[in-house]
Amino acid sequence: MKMENKSDIIEQQREKLLNLKNNNVNLFPNDFKVSHTVKDIKDAIKNSPDTVKEDGPSFVVAGRIMAINMFGKAAFIRFKDRSGQLQAYVRKDKIGDDAYGFFKQLDIGDFAGLSGTMFKTRTGEWTLLVYKLTLLCKSIRPLPEKFHGLKDPEKRYRQRYLDLLMNPDARDIFVKRSRIIQAIRAFFLERDFLEVETPIMQPIPGGAEAKPFVTHHNALDMDLFLRIAPELYLKRLVIGGFERVFEINRSFRNEGISTQHNPEFTMLEFYQSYSDYNDLMDLTEEIFRHVAKEVAGSTSITYQGHTIEIGKKWQRMKLLSALEEFGGIDPDILNDKEGLIEFAASKGHKITKTWRIGKVITKLFDLLVEPELIQPTFITGYPVEVSPLARRNDTDFTITDRFELFIAGREIANGFSELNDPDDQRNRFLQQVEDRKAGDDEAHFMDKEYIKALEYGMPPTAGEGIGIDRLVMLFTDSASIREVILFPHMKPSGNN
RNA sequence: GGGCCGUUAGCUCAAUUAGGCAGAGCACCUGACUCUUAAUCAGUAGGUUGAAGGUUCGAUUCCCUCACGGCCCA
């Protein structure tokens, strides 16, 4: 039995590599220095007259060979660096017989260092006329086909490096992702927020209703949880006097995988003292408009066929009103749990009977209303039962000063005026503990240390979390979260 | 978790109707070519058809199980 199923093409490449090595060619040198990127060169010659010829300024550039058009004693090659792609012209009479013989042994996929001058071909394309060529790294495996690229989604995710190399659209998504995060960071720094890092491994997972991943600390012999949210730590920082903090955080939820969910995901969470949830709704609109302007160049964006208007004032609507308007629920049954469960059943949805009414209402909202909210919409007035960390409304004690933001039928953000009454917080945790006992494994744990911190006093504060992956999906018109995460979670392929 | 679809050469895809020698383009290899850009021309080579089992004289094709992936639903 063979150790590895080598295809001939790899054998051939290895043989070539060995030949070069036997001729004392350094296959993996590390001393080549470049003077320009492809983009630098293009910028430098942009305004040059067409007379730039062999006696023009010379450039030293490096990149991966993406295509070779061989003409016997001359060849055009296309090569690519981080800034772009450029054509080069290699002529036997320019680089010499030996060097040309060496050049002919190179392959698509190899890295080369090129020195030369710029000229225009007959078709008007700026091209590097090479007078010196250096091998910088030999490749063994062939790149995917140059025209169709790499299409198989499984291979694109498992071998993202090939996807990035072959599919400019994929590359653009991740460049845009980086710019979006950059724009968000600049937005908060500009407003006097402090960027912080809080624990990813937590002894008590808190800040969201979700199942955590468990890990184990050997030396302490204790279980730890990967955070489902950074919330309770960020609020400790507010208590400590950092009145404005934010963390662009990776969080983890031990739940299903779908086009909307990856087990690890990126969230922006921020807290602003002496503000309430209304202030944060205003701020959220500002953030989105800032990002839209920075990365999309327009406040009107297209997502999966919908035109989303970021620029117009966003609608704000109470949860119960939304249920009436979009869910077609008779207002008379809105505080009748049995009626609601019956209504859900009539629509073909099963609701767990042990849930308290607040959870039933929000579940109905998820099923009936959420998909309808295409334009940016804030929903407010969430029940206390499903908002254990949010401040109670001053006039209606059954709801909280909380909102969620929906765009394109998906939850994008969740924010509220923070609960800073330690006794109320303790009671909320106790109720959560009851829910957990009743079988709700997403309910909060009691966190006595957090209560203790609140007892020292937390200034009136509002906080919010925004799903960055979903936000990037929106701005890159991506249907699946896997298109915006460089290495999405995959089961092992079994080919190892 | 359920439903539907997919997995064939390094890559992109045929062939499955009704079971009958597994095909093409690009890439690779050989040869020709000093302005091509999906270069062109000629030739060669490349396959345990995702894995295991079953039916059959014969399976990429039909049946069963499994793995991985995509879309939809929960």
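Glu324 is partly exposed, with a relative accessible area of 36%. On this scale, buried means under 20% relative accessible area, exposed means over 50%, and partly exposed lies in between (1.4 Å probe, protein chains only). Glu324 sits in helix 10, residues 319-327. Helices (H or I, at least four residues) and strands (E, at least two) are DSSP runs, numbered from the N terminus.

This is a predicted model, in which local features need pLDDT of at least 70, side-chain atom pairs count only at pLDDT 80 or more, and totals for chains, interfaces and linings use all residues. Residues are numbered from 1 along each chain as its sequence is written, chains are lettered from A and ligands numbered from 1 in the order in which they are written, and side-chain values use heavy atoms, with hydrogens and water left out.

**A charged patch**

**Salt bridges**

- How many salt bridges does the structure hold? There are 34 salt bridges.
- A salt bridge needs a side-chain nitrogen of Lys or Arg within 4 Å of a carboxyl oxygen of Asp or Glu.
- Arg156 and Glu483 form one, with their closest N and O atoms 2.8 Å apart. This pair links distant parts of the chain, 327 residues apart: Arg156 is in helix 5 (residues 153-158), and Glu483 is in the segment after helix 15 (468-476).
- Both Arg156 and Glu483 are buried.

- Glu285 meets Lys313 in a salt bridge of 3.7 Å, N to O. The two are 28 residues apart: Glu285 is in helix 9 (residues 277-296), and Lys313 is in the loop between strand 13 (306-309) and strand 14 (315-318).
- Is Glu285 buried or exposed? Glu285 is buried, with a relative accessible area of 2%. Lys313 counts as exposed, at 61% relative accessibility.
- Glu285 also forms a salt bridge with Arg316, at 3.3 Å from N to O. Glu285 lies in helix 9 and Arg316 in strand 14, so this pair ties together parts that are 31 residues apart in sequence.
- Arg316 is partly exposed, at 30% relative accessibility. Salt bridges that share partners join Asp282, Glu285, Arg289, Lys313 and Arg316 into one network.

**Helix 8 and its cover**

- Helix 8 spans residues 231-239, and its buried residues include Glu231, Leu232, Tyr233, Leu234, Lys235 and Val238.
- Which elements cover these buried residues? Among them are strand 7 (201-202), strand 10 (244-252), strand 11 (264-273), strand 17 (410-417), helix 14 (448-455) and strand 18 (461-467).
- Gly241 follows helix 8 and has a positive phi, near 105 degrees.

**Positive phi outside glycine**

- Asn24 is not a glycine, yet its phi is positive, near 60 degrees. Asn24 sits in the loop between helix 1 (8-22) and helix 2 (38-45). Asn24 is exposed, with a relative accessible area of 73%.
- Tyr274 is not a glycine either, and its phi is positive, at about 55 degrees. The place of Tyr274 is the loop between strand 11 and helix 9. Tyr274 is exposed, at 55% relative accessible area.

- Leu419 lies in the loop between strand 17 and helix 13 (422-437). Leu419 is buried, with a relative accessible area of 3%.
- Contact means heavy atoms within 4.5 Å. Beyond its neighbours within four places in sequence, Leu419 has contacts including Pro388, Leu389, Arg428, Tyr450 and Met458.
- Glu434 is in helix 13 and is partly exposed, at 44% relative accessibility. Glu434 and Arg402 are 32 residues apart in sequence and 23 Å apart in space, C-alpha to C-alpha.
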